[in-house]
Amino acid sequence: MDKRNLDILGNFNILYIEDEPELLKHTAAVLEDFVKNIFAVLTCKEALSVIQKNKVDIIITDINLKYENGIEFLKELKYDLGYDIPSIVATAYTDTDYLIDAIKLKVEDYIVKPINLKDLLNAIHDILLPIAQEKEINNSYNMIKTISAVTDGKQVELVKFILKNLDDESMFNYSYGDIMNHVDVSKPTVIKFFRQLSEKGILTKIQNKRYFFNENNLPDPSEEIDE
Amino acid sequence: MKNFFQYVNKKIKNIKFASKTKILIFTILGGIIFTSFLMFISIFALKYDFEVLFQNHTSPQVKLEEIKDIYQVNIKETLNALKENQISNAEGIEILSLANQLANRQWQEYKKDVSKKVGGLPEFASNWLNFFLTNNDSLKKSLFEQRITDNIEKKIGSIGEKTQSLISLLKKNQAKIDIKLIDNTILESNSINIYLSTLITNNLKRAISKKEANDKLFDTSSIMLIFLLSFAFALIILISIAIINNFKELHYSLEENILKKTKELRVLNSSLERRVKREVENSRKKDNIMFQQARLASMGEVLHNIAHQWRQPLGALMMIIQSFQSKYELGKLNEKFVEDTTNDALKLGQNMSETLDDFRNFFMPNRVKQRFDVRKAIQKAIELSKYQLEKEKISLEFSSDKSLVIYGFKNELIHVVLNLINNAKDVLTSQVELKQKMILVILKQTKKNIIINIIDNGGGIKDDIITKIFDPYFSTKHKSMGTGIGLYMSKELVQRHMMGKISYKNIKHKFGQIKFYNSAMFSVELPLEVMKDYG
């Protein structure tokens, strides 16, 4: 398994339900190093109050709780109370009944007890990654929109057109005339913009009507902001 | 003769006993009836002969003698007296007419007597017997007798006429009597007397011959009777002997049979004794195996329990180890964390070790009596079944007044309590609709006993099987669940090893605050004295 970037976990809150105090304590002690907040509880009742008071991004629950059942709790949460929170179940059983219930409930993942910490972290990571990525994309989009609001709008249009029409080999196969047919800009603006990009090694002319877009030469946005 | 006996014996053997008796009775009856019949016949025949002899041959002789006297004395004497004029005419007339009349009447009576028949049963018997004896009646009236009788009649007639004419002459009082007529009459009366004498003689002769026939008849019937009686006797004796022989044989064969059967019985008895011994041994072995099985079964349950009890701290320990790695990688491994976490890990390890000790102590074949706290023993049993109870969501409550130290087999008591809790657990598990599943363990002390009550709200036991619950191999549970020896073993342990009692009752019991449940209650009663004696 490739090494995952566990840094993304740092922005999330985790709810951990386990009826065995020792295990709860030590697992929570490890998990707290990776996540923003860990809510470690012994019962479903406590868990519910945590959910009602805090933003919970992921639930990890033992199936076989004292006088309770983790899957039943998740069901109640999802269908009766309307919470749609991704969840991982932990079980000492490889009992098919539980698994079928878990699949029906569309539980995101499960881990087998005794808990392997790496497996647990990976499972959490795999569930949280799309959420983190979505957040990232959202951020970038907002950033572009912000930039376009304060700089020349035409340049942003041009960047959009170039990125949209890159082929599989990151090649841009358009002449200035073709560009002007699609984007409402003047020829000098296009020439100036292409020269600027060429100077920074971002867009390199290979031959006529053929340019290579070098992703690697893009400056780091954070650094740029810092500047 | 011997062959005949054998033949009869053989025949008789084949006849049923009842038939044999019937044959004997019929033979005796037939003999008696036939003999009596013959006797009666003979008696009647003799009676007939006697009657005939008397009536026809004896009593008529008297009449003939009288007639003879009349002629001899009255007529002859009177005529002689008339001839010599010794009597008067009138007297002569009177005597003569009287004599005539008398003679006539007597003669008629004689004839009547002679011709009289005896008749009736005796004659029939005599004829019947004569027919058998082929004794023809040779005594029919002979011609000779007939002629004599005829002559006597003629003579009576002529004498009558002559005396009649004499009487008429005397009446005419003719002094001179016809002497010739008188003489003639005397002659006639003489001759009639001769005839009469002849008849008498003849009759006597016939009587004599009749007597001879009678003798012959008597002899014959006597011989016949004797013969018949002896025949009947012989037959009876023969059959009796045959039957007795048969009895004897039957008796011997029965005796032989009895001897044989007795011998067989004796052999059977001795082998039975051996077999009983062997079976008792077998059953003891079986019991031992059963106990072993029950032990293994509860061992399995406890093992299951311990596995679970181990799994939890094991999971925690593994997490602790991983946490060290994780903290180290993140550079957060400081002294405090190492100290705290190591302490936790050691506690967990200690706990696991204790669990193992419990298990080992409980299943060590330790048959030594020891002092122990009953309350702690019960708590141990509850501990050992905790996991199963939690799994089935059964809550268990234990209440006791105080700790009771007694002297006895600790492990066995734990075993019994464990069995009873398991039993309650199994019942409650099968009650799917029951919302609150509860077990109550109550420890009490009375003056003489320690009482442990184990109550569950699983509805109790049906009346029809209540008496069987302590029987070996009796189980209401599905085969996969129960071996049917848990309660039996508990009973054996309590009764034999602890000298106590185990009993069962269906009760209504209040669980929690309000609700009364139909409940099952097992009570274990242990006598304090026995347990303390060795203390």
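Biologist: Which residues does S42(B) touch, not counting residues up to four places away in sequence?

Modeller: S42(B) touches L129(B) and S221(B), once residues up to four places away in sequence are left out. Contact means that heavy atoms lie within 4.5 Å. This is a predicted model, in which local features need pLDDT of at least 70, side-chain atom pairs count only at pLDDT 80 or more, and totals for chains, interfaces and linings use all residues; side-chain values use heavy atoms, with hydrogens and water left out. Residues are numbered from 1 along each chain as its sequence is written, while chains are lettered from A and ligands numbered from 1 in the order in which they are written.

Biologist: Why does S42(B) count as buried?

Modeller: The relative accessibility of S42(B) is 6%. Buried means under 20% relative accessible area, exposed means over 50%, and partly exposed lies in between (1.4 Å probe, protein chains only). S42(B) therefore counts as buried.

Biologist: What does the side chain of S42(B) reach at 2.8 Å?

Modeller: The side chain of S42(B) reaches the backbone oxygen of L38(B). A polar contact is a pair of N or O atoms within 3.5 Å; within protein, one must be able to donate a hydrogen and the other to accept it, and residues adjacent in sequence count only if both atoms are side-chain atoms.

Biologist: In which helix does S42(B) lie?

Modeller: S42(B) lies in helix α2 of chain B, residues 17-83. Helices (H or I, at least four residues) and strands (E, at least two) are DSSP runs, numbered from the N terminus. T78(B) is also found in helix α2 of chain B. T78(B) is buried because its relative accessible area is 6%. Apart from residues up to four places away in sequence, T78(B) touches V73(B), I87(B), G92(B), I95(B) and L96(B).

Biologist: What makes α2(B) and α6(B) roughly antiparallel to each other?

Modeller: The axes of α2(B) and helix α6 of chain B (residues 179-330) cross at roughly 170° and come within 9 Å. Axes are lines fitted to C-alpha atoms, for helices over the stretch in contact, and angles run from 0 to 180 degrees between N-to-C directions. Angles under 35 degrees count as roughly parallel, over 145 as roughly antiparallel, 65 to 115 as roughly perpendicular, and the rest as oblique. The two helices, α2(B) and α6(B), are therefore roughly antiparallel.

Biologist: Where is H304(B) placed, and why is H304(B) called partly exposed?

Modeller: H304(B) is in helix α6 of chain B. The relative accessible area of H304(B) is 41%, so the residue is partly exposed. H304(B) touches Y387(B), Q388(B) and K391(B), not counting residues up to four places away in sequence. Between the C-alpha atoms of H304(B) and D344(B), which are 40 residues apart along the chain, the separation is 25 Å.

Biologist: How many residues of chain B are in contact with chain A?

Modeller: In chain B, 22 residues are in contact with 21 residues of chain A. The two chains bury about 1900 Å² between them, 60% of it on carbon and sulfur atoms. Buried area is the accessible area (1.4 Å probe) that two parts lose on being put together, summed over both. On the side of chain B, M319(B), Q322(B) and D344(B) lose the most area to chain A, together 27% of what that side buries.

Biologist: What is noted about the phi of K209(A)?

Modeller: K209(A) has a positive phi of about 60°, although K209(A) is not a glycine. This residue, K209(A), is in the loop between β9 (203-207) and β10 (210-213) of chain A. With a relative accessible area of 46%, K209(A) is partly exposed. In chain B, phi of K393(B) is positive, near 55°, and K393(B) is likewise a residue other than glycine. K393(B) lies in the loop between α8 (374-391) and β2 (394-400) of chain B. At 44% relative accessible area, K393(B) is partly exposed.

Biologist: How do you know that the peptide bond from K113(A) to P114(A) is cis?

Modeller: Omega of that bond, from K113(A) to P114(A), is near -5°. P114(A) is found in the loop between β7 (109-112) and α5 (117-150) of chain A.
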